[in-house]
Amino acid sequence: MNGWLYLIRNRDLYKIGITKNFEKRMQQLKPDSVVAKLYSRDFLKLERELHNRYKQFRIPQTEYFRLRQYHLQERKIKSKT
C-alpha cells in the first residue's frame, strides 16, 4: 500500500504525517509551507520512525513537533515535489 509522508510547517510548529490523498489533506490543514513530501510504499513505517526520532520535541497527543533548523537538515524525508 502506497501513500504520502509529509513534513509541513505552521508558524513555529512542524507536523509529520501521512495521507493517501496529499492535495486533499493540504487543503484541510492549510500549512504555511510544505517542507517535504515523499510518496512511498513504506510511508507508515517512515512516519513511525520519524515520530520516534523526534519524540522529545513532540507536543503531547499530537503529530506536531518543535523542530529546529538542524533537525530539518538531518531529516530522512527528502523532498520529491
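A charge sits over a ring if NZ of Lys or CZ of Arg is within 6 Å of the ring centre and within 35 degrees of the ring normal. Select lysine 37 and tryptophan 4: the charged end of lysine 37 sits over the tryptophan 4 ring, 5.1 Å from its centre.

Before you click on, this is a predicted model, where local features need pLDDT of at least 70, side-chain atom pairs count only at pLDDT 80 or more, and totals for chains, interfaces and linings use all residues. Numbering runs from 1 along each chain as its sequence is written, and side-chain values use heavy atoms, with hydrogens and water left out.

Tryptophan 4 lies in strand S1 and phenylalanine 22 in helix H1, so the pair ties together parts 18 residues apart in sequence (helices are DSSP runs of H or I, at least four residues, and strands runs of E, at least two, numbered from the N terminus). Phenylalanine 22 is buried at 7% relative accessibility (buried is under 20% relative accessible area, exposed over 50%, partly exposed in between, with a 1.4 Å probe and protein chains only).

With phenylalanine 22 it forms an edge-to-face pair, 6.4 Å centre to centre and 65° between the planes.

Notes:
Phe/Tyr/Trp six-rings, centres within 6.5 Å; stacked < 30°, edge-to-face > 60°.
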